[in-house]
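Here is a walk through one structure, taken a piece at a time. Keep the sequence and the 3D view open as you read.

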Amino acid sequence: MTKVVHIGNKVIGGGNPILIQSMTNTKTENVAETVAQIKRLEAVGCDIIRCAVPTVEAAKAFSEIKKQINIPLVADIHFDYKLAIMAMENGADKIRINPGNIGSIDKVKEVVKVAKERNIPIRVGVNSGSLEKPILEKYHGVTAEGIVESALDKAHLIEDMGYDNLVISIKSSDVMMCVKAHEIIASKTTHPLHVGITEAGTIISGNIKSAIGLGIILNQGIGDTIRVSLTGDPVEEIKSAKLILRTLGLRKGGIEVVSCPTCGRTSIDLIGLATQVENMVADIPLDIKVAVMGCAVNGPGEAKEADIGIAGGKGEGLLIKKGEIVKKVPESELLGLLREELLHWGEK
Ligand code: SF4
């Protein structure tokens, strides 16, 4: 079991629910745009948000951003230890550093000193691309063992400074290497682990790689927070992360949309309809299954396992509950009817 770590108003580790993180892709210096993006992410279920802090202005923006959001704000720092300190002074709830690129030990000490005074957790992040030369030589290149050794060395460095309010993240874009590294590190540390597949790619490849990697890792009981990294709108990261957790049975809540693959019987734009339904249900706080089916012939039967469903016909659509047709409406009214049913779910 990992140790419990408090990040702002959230708690991770120690068997607490796995939380979902994302990272903004706005300029952190632009407070309005950054806050707007964080609000969108909060609305779809982001638990913790990380922002890049590449400049003094970005570090200073933290105090203003923090006032306007409700989830913990994490500062992502590379190279400049002063930015890490400044971000903490401006309200960062956690900082993410790679002690290997912060500079000298003394600079890491300065960062740790401020974190300790304010009891701010430090996430020690190591990427397969940033392994030190001695480790690369020892393991003859990038290996899972090398990634783990590098991460633990850095955690020990900070522990030796008298601070153990840490989270560790080890990342590799090689999915199976990332899996192996997590299996190794989980047996060697009790610090909470933030899990993600780095540089996973665009929506399709990023989702597949993340689902496979996170799926294997989380299913072994490893991981305290996750991020699905996608080259795209971070809102998509949250949707994917929620689906991964729900599929693994690690999170309840939220509407699951199932849809048929379409076939020669389909006579409506089912792909468009299923996408519309998926977007429409994102903010409805129910824990049910909704089916979107392509035909009136087999749709109701195939939608039996869903709590509610719709099936498209020629110019008309059916509302289905537990496999039974309960209403027939013009196709144009189908989506609105489903929304109404969901908004009043359980009232009848
Ligand atoms: Fe084809 Fe209808 Fe089955 Fe969809 S529900 S795959 S349209 S038979």
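Start with a pair of side chains: Thr 34 and Thr 26 are joined by a polar contact of 2.8 Å. A polar contact is a pair of N or O atoms within 3.5 Å; within protein, one must be able to donate a hydrogen and the other to accept it, and residues adjacent in sequence count only if both atoms are side-chain atoms. The model is predicted: local features need pLDDT of at least 70, side-chain atom pairs count only at pLDDT 80 or more, and totals for chains, interfaces and linings use all residues. Residues are numbered from 1 along each chain as its sequence is written, and side-chain values use heavy atoms, with hydrogens and water left out.

Stay with Thr 34. Its side chain also reaches the backbone oxygen of Asn 30, at 2.8 Å. Thr 34 counts as buried because its relative accessibility is 0%. Buried means under 20% relative accessible area, exposed over 50%, and partly exposed in between (1.4 Å probe, protein chains only). Which residues does Thr 34 contact, leaving aside its neighbours within four places in sequence? They are Thr 24, Thr 26, Lys 27, Thr 28, Cys 51 and Ile 65. Contact here means heavy atoms within 4.5 Å.

Thr 34 lies in helix α1. Helices (H or I, at least four residues) and strands (E, at least two) are DSSP runs, numbered from the N terminus. Helix α1 covers residues 31–44, and helix α9 covers residues 234–247. Their axes come within 9 Å and cross at roughly 20 degrees. So α1 is roughly parallel to α9. Axes are lines fitted to C-alpha atoms, for helices over the stretch in contact, and angles run from 0 to 180 degrees between N-to-C directions. Angles under 35 degrees count as roughly parallel, over 145 as roughly antiparallel, 65 to 115 as roughly perpendicular and the rest as oblique.

Now look at where the two helices touch. Gln 37, Arg 40, Leu 41 and Val 44 in α1 meet Pro 234, Val 235, Ile 238 and Lys 242 in α9. By class, this contact of α1 with α9 has five nonpolar, one polar and two charged residues. Ala, Val, Leu, Ile, Met, Phe, Trp, Tyr, Cys and Pro count as nonpolar, Asp, Glu, Lys and Arg as charged, and the others, Gly among them, as polar.

Helix α9 also holds Glu 237. Is Glu 237 buried or exposed? Its relative accessibility is 2%, so Glu 237 counts as buried. A polar atom of its side chain lies 3.1 Å from the backbone nitrogen of Leu 230. Not counting residues up to four places away in sequence, Glu 237 touches Ser 22, Met 23, Arg 227, Val 228, Ser 229 and Leu 230.

Move on to helix α3 (residues 81–89) and helix α4 (residues 105–118). Their axes come within 9 Å and cross at roughly 10 degrees. That makes α3 roughly parallel to α4. The contact of α3 with α4 has seven nonpolar, no polar and four charged residues.

Finish with helix α10 (residues 270–281) and helix α12 (residues 334–343). Here the axes come within 11 Å and cross at roughly 30 degrees. Therefore α10 and α12 are roughly parallel to each other. Leu 273, Gln 276, Val 277, Met 280 and Val 281 in α10 meet Leu 334, Leu 335, Leu 338, Arg 339 and Leu 342 in α12.
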